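Welcome, and please take a moment with the sequence and the fold.

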Amino acid sequence: MEKELRSTILFNAYKKEVFTTNTGYKSLQKRLRSNWKIQSLKDEITSEKLIGVKLWITAGPREKFTAAEFEVLKKYLDNGGDILVMLGEGGESRFDTNINFLLEEYGIMVNNDAVVRNVYYKYFHPKEALVSDGVLNREISRAAGKAVPGVIDEENSGNNAQALTFVYPYGATLSVMKPAVAVLSTGSVCFPLNRPILAFYHSKNQGFGKLAVLGSCHMFSDQYLDKEENSKIMDVVFQWLTTGDIHLNQIDAEDPECWVSWRITQNGDQAILERRESFCLSSTGIKLVLELQEKKVNVSYSYNAQANLLC
């Protein structure tokens with residue numbers, strides 16, 4: 001019964017967000033208004049303010065959240081509420097916020113970096129990153145109406161990373177680890193290569209709340225929503241958050257085609273390999289370890305057999 005009462009999408013406007021319903025998100029608001037009541041929150045986040053709210057959104061917060069507000073949001077998620085967090089290039093340090101404190105509990109973190117396209121094409125600014133091979137989960141393509149026609153055996157057909165083309169403007173990458181799942185990446189042309197930019201978390205608690213994190217608050221703005229297939233991705237994100245119609249492909253969720261960042265440090269005559277991100281399987285990292293071992297370099301690492309991850 002409680003789910004039926006959740007009919008509102010609430011845009012946070014209390015943390016000096018870059019985008020609100022009145023600033024830069026008018027097209028988004030117009031698309032949502034046909035099915036949802038749209039409201040803005042200009043006061044402190046409390047449980048009372050979230051009554052009847054299906055989805056709480058913050059788009060580029062530029063102030064820190066309080067511990068009490070984080071507790072309210074955690075309880076809201078546990079009780080079946082949904083959350084969409086969007087940030088931008090430079091991450092927390094650029095925005096002077098602390099939203100990662102909440103996100104890290106669910107396996108997601110916005111990095112303090114920027115995504116750029118290495119080669120000029122179509123968009124003038126290098127931070128207007130055009131991604132044409134960034135789909136990590138085939139369910140995203142299917143939900144966007146881009147499934148390959150005539151393919152019957154979906155489980156064996158594999159994910160088509162090139163199913164959707166989108167522009168990812170002034171965004172950061174994400175670090176993603178279980179139980180969260182990376183669903184979009186920077187692809188093979190933008191730098192950093194093949195790093196997550198959109199991640200989903202689905203709570204297993206009684207309320208089954210959902211969390212989506214996008215590294216660019218500009219992607220769904222008035223300026224970029226109708227560019228490439230951004231609007232289709234927006235539709236998929238909101239459909240996943242607000243309905244039960246989208247179920248991520250578990251094969252792709254277990255093995256997203258992302259790269260892991262590694263760092264080698266020297267400690268006397270011992271080379272120590274450190275995994276800086278742990279958001280996906282790392283055949284690249286395993287290969288690097290084997291190469292170092294062949295050269296008789298003493299490598300320090302651990303291996304999680306259950307998750308098939310180097311740690």
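What follows covers a strand with its neighbours, then a residue in a loop.

Please keep in mind that this is a predicted model.

Let's begin with strand S13, which spans residues 210-214. Five of its five residues are buried, so the strand is mostly covered, taking buried as under 20% relative accessible area. In a regular strand, side chains alternate between the two faces of the sheet. In S13 both faces are covered: Lys 210, Ala 212 and Leu 214 are buried on one side, while Leu 211 and Val 213 are buried on the other.

Now for the loop between strand S8 (166-169) and strand S9 (174-176), where Thr 173 lies. Is Thr 173 buried or exposed? Thr 173 counts as buried because its relative accessibility is 0%, and the cut-off for buried is under 20%.

| Side chain | Partner side chain | Distance |
|---|---|---|
| Thr 173 | Asn 111 | 2.9 Å |
| Thr 173 | Asp 113 | 2.5 Å |

Leaving aside residues up to four places away in sequence, Thr 173 touches several others, among them Met 109, Val 110, Val 115, Thr 186 and Pro 192. Arg 195, Pro 196 and Ile 197 are also touched by Thr 173.

How values were computed. Residues numbered from 1 in each chain as written. Predicted model: local features only at pLDDT ≥ 70, side-chain atom pairs only at ≥ 80, totals over all residues. Heavy atoms only, no water. Buried < 20%, exposed > 50% of the residue type's maximum accessible area, 1.4 Å probe, protein only. Helix = DSSP H or I, 4+ residues; strand = E, 2+ residues; numbered from the N terminus. Polar contact = N/O pair within 3.5 Å; in protein donor to acceptor, adjacent residues only side chain to side chain. Contact = heavy atoms within 4.5 Å.
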